Amino acid sequence: MIVVFARIEYRKYGQLAFISHLDLIRTWERIVRRARLPIAFTEGFHPKPRFSFIPPLPVGFEGEEELLDVKILEASPYVKKEIINSVVPEGIWVNSVEIVPNSDLSKTIIGGIYSFNWIGRIDIRELEERLEIMGVKEWDYSSRDSDNHTVENLLSIHIPFSSQTISPKGIAQLIEGLGKIEWIKLSRTSLLKR
Amino acid sequence: MPYPFDILYRVKRPALYSGNEYNIVRKEREGRITVALAFPDTYDIGMSNLGFSIIYNVINLREDALAERVFAPWIDMEVYLREKNLPLLTLESGTPVFEFDILGFSISYELSYSNIINMLNLSGIPILSSERENLPLVIAGGGCTTHPGPLLRFIDCFAVGEGEELINEIIDTFKEWKNDSRKKEDLLEALSFIDGVYVPLFHKKVRRRIVKDLGKVPYPTRPLVPNTEIIHDRAVVEIMRGCTRGCRFCEAGFIYRPVRERDLEDVISLSEKVLSSTGYSEIGFLSLSASDYSQLEGLTQYIEEKLVPLHISVSIPSLRVDTSSRAFFHAIGEIKRGLTFAPEAGSQRLRDIINKNITEEDILNIIRVASKEGWRSVKLYFMIGLPTEEEADILEIVRLINEIKKIDKRLEINVSISTFIPKPHTPFQWARQISPEEVNERISLITRNLSRSRININWNDPFVSVLEGILTRGREELTDVILNAWKNGARFDAWTDQYRWNLWEKALGGCGIDWRSYLRERRYEEPLPWDLVDIGVKKEFLWKEYQLGLLGIKREDCRIKGCYDCGVCTY
C-alpha cells in the first residue's frame, strides 16, 4: 500500500476564527469523512484520520495560508480542492491541495507573519520599545498618522515558531495594554518557510 | 458576523456564538414567516437536544417559513451585550430576535426559567405577555409545557406535546392571520383552536399532541454539525419514542406514551443519511428504553456489518445490560466505555414501590457481564427521598454498592445520588418531597457508612432540588418570584457554579410564599396546577398506580402483560 500525504492549504476565516485548535481538528475530521478522502486511519479503539498541523492559531485569529497534511492511502484523483470545498463549513476554504510523499511541515515551516488590526490610539514609540524588549525583530505598519501615533492600524509582525517568548496572543495583549482599542481583525497572513 | 469581533475576542468561549455550522440553513427573510428558535441554555447543551433539531428542520423544510437559532449567552457575554447595548441576535443571519414573527422557546427543564426571562429582556422584548402588543409572538414547546404553571404569564402560547405536525399548524394559522393583519388577540384566539395549543388568555384545557407514526413525519437527515464540541457530539437516530415500563417516578415514562417504534429499515436509511451528510464518526441510537426495541437484533447486525468496519462508534444510551444484550456488546466490540446503570433504590421493597422491575440478582448480573466484557468503570444512579423511604432503605444502598464492589476488584464505581422530585403526570405527582434537612441527613447516612475506596460519590445541592420541586409543581403565583430572582441576578440555575439559592429564597419570601409548602403531599381531591394539560393518561390511572405503589405491588410493562387502561391508546 502506498501511503502519501495530501497537503491542504486553506483559509480559516470569519466566525471560525473563534474555534479552538481542538475544535478545528474535529471539524477537519468531519470534512475529510464527508469528502470521502481515502484516509489512512490511526490504530486503536477510536481510529482517527492522521493529521499534522502547523503551530495552532490563537483563538480569534484568522489564517490566510494555513497548512495541514492528512495521510491518505493512494494518490487518488478524488483528492481535489473542489471536492473538499463542496463539504466545508463557511469559515474554511481550501486554496490548494497537493500530494506530497512526506509530512515535513514542522521542518519547513518556521514561522508566521501576523497582522493586528484595531481602532483606537496607542503610542507608537511605547509599542516599539516593548516589541524590542520582547525580542521582535521585524514589523511593519500599513499607516501611521502625522504625529507618529497610530489611530487605526495594521501592524504585521514576523514571529518565529521557535520563539518561546513572542506569541501572537502576547502581542495582542501588549497592544491592548497600551490604550483603549477595539479589535477589528487578527490574522496570520502568511507562513515563513525555510 | 452576528456579534462584533471585539466582543467575541473578549469572551471566554467565543465559539458558542460563532455558528456557521455545516448544513446550516440560510434563507431570505422577505416574504417568509420568520421563527427564532430559542434554547434557554448554552449552545453546547441546546445543540445536543434532538427536539430542537427536529423543529428547526420541520420549519426550514417549508418554502414559506424560516427558522434561525439563538441560545442563552453566557454570563460574560451578557455583560458585554448590556455594556454595548446590543440585542440578542440569531446565529444564522445575525438578526435581532425582536425582528422575528415568532420566538419559540424549547423548554426541557425547570431550572432554565430564569434564562427565558433573561433572553426576552436581552432581546428587548417585554417580559410579560400582557405587556407585549407587537410581534414576536412568544411560544414554547418541550417537556416543561406539560406543567406550564409558572410560565403562564410570560408565554403567549404553549405547544404541548410532539411538535412535528403542531408547529406547521401554528405557522399556517399565523400566516393566515398575518395576511389579514388583524389584532394580536385574534391570533391568540385562532391558535387556541389548534389541538395541542394552550393559550393562557383563554383558559381552555389542552390535549397533548401525539404523532401517530414516526415514519411519517420529517426527521433531520442533514443536521447541523457544530464547529465546537457540544455535549452529545454525534449523529443521532431516534429508534423509538415512549416507554411503558411504568416506573412510577419517571416523567418521561408517562408524557411520551404510547410506545412507537421506528422501522428498522427506516432506522438504517436515516443512519446512512445522517452519517454521510455530517461526517460524524459516532452515532447514537436514541430511545427511552432501547432494550425494548423489538428489532434490536437486526440493529445489532447492522452495526456489526456496516458501522464497525467504517470505524463508526455506537452508543445506545438507554440499553439495559443483561445476558440478552451481550451479543450487542460484542458487536460494538472493543469500544469500552463506562457502564451507566440506575438501580434507583437500594432495597427491593422500595424498588417494588417505584415499579423498577429489577431484582438485586439482575443488578449484580449486569455488573458481572460488564466486568467480563472488560468494562472498567460503572456509574450507578440512586434516588433518595422516594415515598415511604426509611433508614433501612438508605442502608441498603450502601450494602448494594458493597456487593457490586465485591464482583470486580478493578472496577471503578461512581455513585450519583439525586433527590426524588415528584413530577407532574406521574403516579408520584401527589407525593411529598423531602426537605433539604432530610436530604442532608440521608446523604450523611450513606457517606458515614460507605467505605470510599474505589468509589466516587456525588450528590446535588439539596436546595437545587428544592427549587426544581417548586418550579415543577408551582403555578402562576410564581410569576413575580421568577421575575424578582432574575432581577436579583438568577441565571443558569441548572449550573452548580452559578446557582444561588439565596436569590430565590429572597424572591419567595418577598412574595410572601412559604417555599416549604411546595414540598408537601397533595390530596387526591385538590386540583393540580397541571390539570389544564391532558396528556392522554388518565388521572384515575395515575392515582391507582400511586396506591398500588404504596402497597408495594409491581406492574410489568403493559406491552408484555396486557393493558392496564392508562388511557393513552384510546386517547
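Across the interface of chain A and chain B, the rule finds 5 salt bridges; a salt bridge here is a side-chain nitrogen of Lys or Arg within 4 Å of a carboxyl oxygen of Asp or Glu. One example joins A:Glu176 and B:Arg10, with the closest N and O atoms 3.2 Å apart.

Before going on, some housekeeping. This is a predicted model, in which local features need pLDDT of at least 70 and side-chain atom pairs count only at pLDDT 80 or more, while totals for chains, interfaces and linings use all residues. Residues are numbered from 1 along each chain as its sequence is written, chains are lettered from A and ligands numbered from 1 in the order in which they are written, and side-chain values use heavy atoms, with hydrogens and water left out.

Back to the interface. In contact, meaning heavy atoms within 4.5 Å, are 33 residues of chain A and 35 residues of chain B. The two chains bury about 2,900 Å² between them, 54% of it on carbon and sulfur atoms. That area is the accessible area (1.4 Å probe) that two parts lose on being put together, summed over both. In chain A, the residues that lose the most area to chain B are A:Gln15, A:Phe18 and A:Arg30, together 26% of what that side buries.

There are also 12 residue pairs in polar contact between chain A and chain B, both residues at pLDDT 80 or more. A polar contact is a pair of N or O atoms within 3.5 Å; within protein, one must be able to donate a hydrogen and the other to accept it, and residues adjacent in sequence count only if both atoms are side-chain atoms.

Which elements give two or more residues to the side of chain A that touches chain B? They are helix 1, helix 5 (168-177) and strand 8 (182-193) of chain A. Helices (H or I, at least four residues) and strands (E, at least two) are DSSP runs, numbered from the N terminus. Helix 1 of chain A gives the largest share, 6 residues.

Now helix 1 itself. Its 14 residues, 21-34 of chain A, should span 20 Å at 1.5 Å a residue, and the end C-alpha atoms are 20 Å apart, which agrees. The expected span is 1.5 Å times one less than the number of residues. Of the 14 residues, 11 are buried, where buried means under 20% relative accessible area, exposed over 50%, and partly exposed in between (1.4 Å probe, protein chains only). Among the buried ones are A:Trp28 and A:Arg30. The buried residues pack against several elements, including strand 3 (61-72) of chain A and helix 9 (264-278) of chain B. After helix 1 comes A:Arg36, with a positive phi near 55°.

Next, some backbone points in chain B. Most residues other than glycine have a negative phi, and most peptide bonds are trans. A cis peptide bond joins B:Leu135 and B:Pro136, with omega about 5°. Another joins B:Arg257 and B:Pro258, with omega about -5°. B:Thr388 has a positive phi near 70°, and counts as partly exposed because its relative accessibility is 33%. B:Phe492 has a positive phi of about 45°, and counts as buried because its relative accessibility is 2%.

Last, B:Tyr546, in helix 19 (residues 539-550) of chain B. Why does B:Tyr546 count as buried? Because its relative accessibility is 3%. Beyond its neighbours within four places in sequence, B:Tyr546 is in contact with B:Pro427, B:Phe428, B:Trp430, B:Ala431 and B:Glu521. With B:Glu521 there is a side-chain polar contact of 3.0 Å.
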